[in-house]
Amino acid sequence: MMIDYTKKSTYFYDLPKQLIAQTPLEKRDESRLLCFNMQTEKIEHKIFKDIISFFKPGDVLVLNNTKVIPCRLLGKKEGTGANVEIFLIKRLNLTDWEALAKPGKRLKVGSKVIFSDELSCEVLGDNDINGKNVRFIFNGVFEDILNKVGITPLPPYIKEKLTNSQRYQTVYSSINGSTAAPTAGLHFTNELLEKIKQKGVQVCFVLLHVGLGTFRPVKEENILQHDMHSEYYEVSSQVADIINKAKCEGRRIIAVGTTSVRTLESAGKSGIVVAGSGDTNLFCYPPYKFKIVDCLITNFHLPESTLIMLVCAFCGYEQTMRVYNEAIKEKYRFFSFGDACFFYKD
């Protein structure tokens, strides 16, 4: 029977709720790691810090150094005192943001929302993500005020309160702008990265600010009708040179997370990474052919999500489903605070 890769239901799998990780492990690099050799189809069960044994001198490890901002703002509508939530999605300029708003219908153009003595916003109008574009009014440095007033959001499937907000940041996060963490990177420690470098692996960073494009649910049964919201990315000329040289020499490009994959593939033209920045709405699903990335480190993703579709395109649909079934059988922890898998070629 032919598999229809354009149907959302093709990417469904049944996950017991108890396997959804609610809290991060005490030590980042002691999560479990399912390793899948895409050539031999061999599965191995490891601890994440064991991943160093799979690296070879000359490999290039690519990580996304975006930083999660406290993008959830709770305020009061001026005049009525009604509760309002503004969820920042994408910065448009120094004062204006694309945002989601609750309750959006009551927020007309010109409505003002007060968050604190230092911060308020005015509604500019509707946007194409069924939200509002807003202009902030503030006294001082916006980022400093946001850190005081804003709340770091966690995915809706995480019900436990996070006691240490830094556990939802990678240790190498440095550039503010994401509404969610690139979670494959949460397993790395500074010590592990140093050991990886000492093995002769080049470690470099790209940027993709995680927004709706990564996590927006697929609602249509025909995934070709899914609208991928665009996300901002950057690849420096130095990183492009490192990757292009490695590709020419037949060395492996190992991407950490689906966001790093989408950044590299968006910047990849005919097998060459072109330095630059811009917005990407790249949607990878079978039979997408990857031009840049050879190996992938990633977490276990939600059923019927664009993320599992990307993994199926990368590893093969039947192979991916086999890996997921094995992970469920072995009681791996799933999603943002869960365990990792490594899809690799020798």
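This is a predicted model: local features need pLDDT of at least 70, side-chain atom pairs count only at pLDDT 80 or more; totals for chains, interfaces and linings use all residues.
**The whole chain**

The chain contains 7 helices and 19 strands. Its C-alpha trace spans about 65 × 45 × 40 Å along the principal axes. The radius of gyration is 21 Å, which agrees with the value near 20 Å that a compact globule of 346 residues would have. If the residues are coloured by accessibility, buried residues account for 55% of the 346 in the chain.

**The second largest pocket**

Next, select Lys67, Val68, Ile69, Asn176 and Gly177, which lie nearest the centre of the second largest pocket. The volume of this pocket is about 530 Å³, and 32 residues line it.

Colouring the lining by residue class gives 14 nonpolar, 12 polar and 6 charged residues.

**Salt bridges**

Now display the side chains of the charged residues. The structure holds 16 salt bridges, and several are visited here.

Select Arg322 and Glu41, which form a salt bridge with their closest N and O atoms 3.9 Å apart. This pair links distant parts of the chain, 281 residues apart: Arg322 belongs to helix α7 (residues 317–329), while Glu41 sits in the loop between β1 (32–37) and β2 (43–47). Arg322 is partly exposed, at 37% relative accessibility, and Glu41 is also classed as partly exposed, with a relative accessible area of 33%.

Move on to Lys46 and Glu44. These residues form a salt bridge in which the closest N and O atoms are 3.9 Å apart. Lys46 has 28% relative accessibility and therefore counts as partly exposed.

Then select Arg72 and Glu85, whose side chains meet in a salt bridge at 3.3 Å, N to O. Because Arg72 lies in strand β5 (residues 72–77) and Glu85 in strand β6, the pair ties together parts that are 13 residues apart in sequence.

For the last stop among the charged residues, select Lys245, Glu249 and Arg251, which are linked in a network of salt bridges.

**The cysteines**

Finally, show the cysteine side chains. How many disulfides are there? The count is 0. Cys284 illustrates why: the closest cysteine sulfur, in Cys312, is 12 Å from its own, too far for a bond, given that a disulfide requires two cysteine sulfur atoms within 2.5 Å. Cys284 is buried, with 2% relative accessibility.

Select Cys295 next. Cys295 takes part in no disulfide, and the nearest cysteine sulfur, that of Cys315, is 11 Å away. At 0% relative accessibility, Cys295 is likewise classed as buried.

Terms used. Residues are numbered from 1 along each chain as its sequence is written. Side-chain values use heavy atoms; hydrogens and water are left out. Buried means under 20% relative accessible area, exposed over 50%, partly exposed in between (1.4 Å probe, protein chains only). On a 1 Å grid over the protein atoms alone, a cavity is a set of points where a 1.4 Å probe fits but cannot get out, and a pocket is an open set with protein on both sides within 12 Å along at least five of seven lines; lining residues have an atom within 4 Å of a point. Grid points are joined across faces, edges and corners, and a volume is the space filled by probe spheres set on the points. Ala, Val, Leu, Ile, Met, Phe, Trp, Tyr, Cys and Pro count as nonpolar, Asp, Glu, Lys and Arg as charged, and the others, Gly among them, as polar. A salt bridge is a side-chain nitrogen of Lys or Arg within 4 Å of a carboxyl oxygen of Asp or Glu. Helices (H or I, at least four residues) and strands (E, at least two) are DSSP runs, numbered from the N terminus. The radius of gyration is taken over C-alpha atoms; the globule rule is 2.2 Å times the number of residues to the power 0.38.
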